[in-house]
Amino acid sequence: MLNSNSKFPIAVNPDAAGGSSARKRIRVLLISIALICVWLTVRFPYEAESGLAHLLNGPNQVNPQTLHLRGEFVESNLGPTEERDGGVTVRMIAEQYLFVPHCVVVPTGVPIRVRMTSADVVHMLTISGTGDEVKVVPGYIVETRVQFDRAGEHQMPCHEFCGPGHYTMRSRLIAVSLEQFRKLSPEERVNCASR
């Protein structure tokens, strides 16, 4: 091609305009690869570890920092609930220096699953008169099964030293007849003030 003002030919590269957009695409691709590499280095080991732990340990893990916010240990889900199979599940949280809920009412003659986790350190709930102990570790859900043949009150102190307020860490469990239990509202099942 000739320039109209010049007698000398000027070479025009037909790829010159497309070359700058190709460079932009390459830059975007390289930046994307770099960001993916950073994510793989920083976040992926945690994600892989969490996924692997979930596969190995099953669903019995919980984040102690968020257990009050979502999942089975939100405050509205704590305490005893009657299951479809006729059993009762009691969910509790151990934290310095109390058990939540502080008192639970359960029925007699019914299998009871106690599911617990810790929000902070290791605790051990013991149920007087039964010999049952539940060692609770932060990040994990532990489960034990109990059944009460007669009505009565059971003290539930912590038997794992958890700090200077350890001596105050105790809860109560009151076993009542199944008929009485079914008459109680969910709030009354975790409020033993009238008992």
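Which side chains meet in a salt bridge at 2.6 Å, N to O, with E72 as one partner?

**View 1. The salt bridge of E72 and R91 in the predicted model.** The side chains of E72 and R91 meet at 2.6 Å, N to O. E72 belongs to the loop between α2 (44-57) and β1 (79-82) and R91 to strand β2 (residues 88-95), so the pair ties together parts 19 residues apart in sequence. E72 is partly exposed, at 23% relative accessibility, whereas R91 is buried, at 12%.

**View 2. The salt bridge of E82 and R182.** These two side chains meet at 2.8 Å, N to O. The pair links distant parts of the chain, with E82 in strand β1 and R182 in helix α3 (residues 178-183), 100 residues apart. E82 counts as partly exposed, at 31% relative accessibility.

**View 3. The salt bridge of R115 and E143 and its network.** The N to O distance between the R115 and E143 side chains is 2.6 Å. R115 lies in strand β5 (residues 112-118) and E143 in strand β8 (residues 142-146), so parts 28 residues apart in sequence are tied together. Salt bridges with shared partners join E72, R91, R113, R115, E143 and R145 into one network.

**View 4. A nonpolar surface patch.** I26, L29, L30 and I33 together present about 390 Å² of accessible area. L30 lies in helix α1 (residues 16-42) and is exposed, with a relative accessible area of 53%.

**View 5. The second largest pocket.** This pocket holds about 150 Å³ of space. Its lining consists of G129, Q147, F148, D149, R150, A151, G152 and H154, of which two are nonpolar, four polar and two charged.

How values were computed: Residues are numbered from 1 along each chain as its sequence is written. This is a predicted model: local features need pLDDT of at least 70, side-chain atom pairs count only at pLDDT 80 or more; totals for chains, interfaces and linings use all residues. Side-chain values use heavy atoms; hydrogens and water are left out. On a 1 Å grid over the protein atoms alone, a cavity is a set of points where a 1.4 Å probe fits but cannot get out, and a pocket is an open set with protein on both sides within 12 Å along at least five of seven lines; lining residues have an atom within 4 Å of a point. Grid points are joined across faces, edges and corners, and a volume is the space filled by probe spheres set on the points. Ala, Val, Leu, Ile, Met, Phe, Trp, Tyr, Cys and Pro count as nonpolar, Asp, Glu, Lys and Arg as charged, and the others, Gly among them, as polar. Patches are made of residues with over 30% relative accessible area and no salt bridge: like charges are joined within 9 Å, nonpolar side chains (Val, Leu, Ile, Met, Phe, Trp, Tyr) within 5 Å. Accessible areas come from the Shrake-Rupley method with a 1.4 Å probe; for residues, only the protein chains shown count as cover. A salt bridge is a side-chain nitrogen of Lys or Arg within 4 Å of a carboxyl oxygen of Asp or Glu. Helices (H or I, at least four residues) and strands (E, at least two) are DSSP runs, numbered from the N terminus. Buried means under 20% relative accessible area, exposed over 50%, partly exposed in between (1.4 Å probe, protein chains only).
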